[in-house]
Amino acid sequence: MRHQPSQRSPSNTPCCPTEVRHPALKRSVTAFTATDHWRSEMDVDQESLRCFQHCRRDVNIICFCVPRVCPLCGGDTDRTESRIPPYPLPYPFITSSSVSSGIVLRPTQGDFLRHYTPKADLHIGLTDSTGCVHDFDEDGLHIGNTWPQCVQVRLPPDIGTESRLWDHCLAQFADRSAWGSHSYHEQDNNCFDFVLRFLHNLKLHHRVPALRNKTDFATMLVAPSTTRAAQFVSLYRQVKTAGYVCQAVS
């Protein structure tokens, strides 16, 4: 199903890549090429972004590996103290096996870091208490796959559904005869319908208004997860391309 997450207001989290969501602020970001000297060899495929401040409190430097020469003052970062030492930015992606009795989401094709775009189709599924994915697409029902790079769509923490009840209902609900390829419809009976109907079977829509229909579900629960993922992906790609990014602190 094609889902385009709505854009939400930025949070006050340090190093939040506000320029990702607000093109007008892109002028506040200066990218530098990776041809400068580095503290060590950088694996461009590593996924851990770090943030630090070297000489200015109004500019964060986002990188995979701290550059030896500060792009702002030209100082040797080995010999001078940083205002804020490097710390890892929150990584929004998880493996599905780490999600117990929950909802997981990934791009239909490829993964988030390499293939995600705001117009990309997204695929959603359910996990049981062991992290085993149950999902539905044009080929029918799938049980047992692992999604190595996905995001969790979080339900309100106070709904109080026990994992044993979740597993029992999911085992009954995931009937291959009911969810065969013949029953798939791109708009009216897709992966989002599969997830939402299961949650309705648990009667959760009586306690969570966002589960009443697909539109509310996508807007109120799915969009926040995809928005955070999109912010990280955009910043990750900028750093991977340029080496590091200087970001104005708003």
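**Close-up 1. Helix α4 lies across the strands β5 (103–107), β6, β7 and β8.** In this predicted model, α4 runs at about 30° to β6. Helix α5 also packs on the sheet, where α5 touches β5, β6 and β9. The direction of α5 makes about 155° with that of β9.

**Close-up 2. Five strands form an open sheet with antiparallel pairing.** Read across the sheet, the order is β8-β7-β6-β5-β9. Which strands are the edge strands? They are β8 (140–145) and β9 (151–153), each of which pairs on one side only. From one strand to the next, the twist averages 35°. Look inside the sheet for β6 (residues 122–127) and β7 (residues 133–137), an antiparallel pair with three bridges. Here you can find T127 opposite V133 of β7.

**Close-up 3. Helix α3 (residues 163–173) packs with helix α4 (residues 191–201).** Their axes are 10 Å apart and the angle is about 125°, which makes α3 oblique to α4. The crossing of these two helices is right-handed. From α3, the contact uses W166, C169, L170 and F173, while α4 brings F194, R197, F198, L199 and N201. Sorted by class, the contact of α3 with α4 has seven nonpolar residues, one polar and one charged.

**Close-up 4. Helix α4 meets helix α5 (residues 214–242).** How do their axes cross? They cross at roughly 90° and come within 11 Å, so α4 and α5 are roughly perpendicular to each other. On the α4 side you will see F192, D193, V195 and L196, which meet K214, F217 and V222 in α5. This contact has five nonpolar and two charged residues, with no polar ones.

Terms used
Residues are numbered from 1 along each chain as its sequence is written. This is a predicted model: local features need pLDDT of at least 70, side-chain atom pairs count only at pLDDT 80 or more; totals for chains, interfaces and linings use all residues. Side-chain values use heavy atoms; hydrogens and water are left out. Axes are lines fitted to C-alpha atoms, for helices over the stretch in contact, and angles run from 0 to 180 degrees between N-to-C directions. Helices (H or I, at least four residues) and strands (E, at least two) are DSSP runs, numbered from the N terminus. Angles under 35 degrees count as roughly parallel, over 145 as roughly antiparallel, 65 to 115 as roughly perpendicular and the rest as oblique. A crossing is left-handed if the near helix is turned anticlockwise from the far one by less than a right angle, and right-handed if clockwise. Contact means heavy atoms within 4.5 Å. Ala, Val, Leu, Ile, Met, Phe, Trp, Tyr, Cys and Pro count as nonpolar, Asp, Glu, Lys and Arg as charged, and the others, Gly among them, as polar. Two strands pair if DSSP finds at least two bridges between them.
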